[in-house]
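Open the model in your viewer and keep the selection panel at hand. The tour goes from the surface to the sheet and then inside.

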Amino acid sequence: MKYIQSLLPPCDRLAGDGFETFLGNLQRFMNLNPFAHSGTDLSNSEAMLLYTALDFHSETGENICAAPAAKRLGVSAPAISRTLRGLSKKGYIERFSDDADRRNVRIAVTEAGECELSRTLKYVFSVLDNAMRAFSDEELSQMVELHGRFVDAVLKEITERRTDKC
């Protein structure tokens, strides 16, 4: 952590070890992977794609195409293709050509895929629910509020920097 801190300009808002603690906690949070501890063979990206496909189907009654799934998840077409291959090998999805446009690939989640996602999400939500019991209702409300504000501030900063021309 000291190396990273040496590369960054001083952060006046978090004096002393506060900045290092913040970065360390952020890194620990980003490395959390409750899926890895659930006994599932789903990666985070596979779980998100299954969820997206099932959510789309429940909204529309149709199976989602690969391109809109990639857009919803904010990932590239090659990333979706890799994830689809893995899910197909595991028997969690079926892929088929769209009748209206044979170039489009539609994704259908199999019963096994739905069952595995459900089992995994139950585990993850149970872990999160139990972890939240360490906080009072007021602390949880504050955490949700502060986390939302922090994410909004980071997104705003990223957006503004994207539009900078120098």
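Select helix 7 (137–163): with five residues, helix 7 gives the most to the nonpolar patch. Helices here are DSSP runs of H or I with at least four residues, strands are runs of E with at least two, and both are numbered from the N terminus. This is a predicted model: local features need pLDDT of at least 70, side-chain atom pairs count only at pLDDT 80 or more, and totals for chains, interfaces and linings use all residues. Residues are numbered from 1 along each chain as its sequence is written, and side-chain values use heavy atoms, without hydrogens and water.

Phe22, Phe29, Phe150 and Ile158 are among the members, and the patch has about 890 Å² of accessible area together (Shrake-Rupley method, 1.4 Å probe, only the protein chains shown as cover).

The open sheet has three, in the order 1-3-2, with antiparallel pairing; pairing takes at least two DSSP bridges. Strand 1 (64–65) and strand 2 (93–97) are the edges. Pick Ile64: opposite stands Ile107 in strand 3.

Finally, select Leu87. Beyond its neighbours within four places in sequence, Leu87 is in contact with Leu42, Glu46, Leu49, Leu50, Tyr92 and Ile93 (heavy atoms within 4.5 Å).

How values were computed: Patches are made of residues with over 30% relative accessible area and no salt bridge: like charges are joined within 9 Å, nonpolar side chains (Val, Leu, Ile, Met, Phe, Trp, Tyr) within 5 Å. A salt bridge is a side-chain nitrogen of Lys or Arg within 4 Å of a carboxyl oxygen of Asp or Glu.
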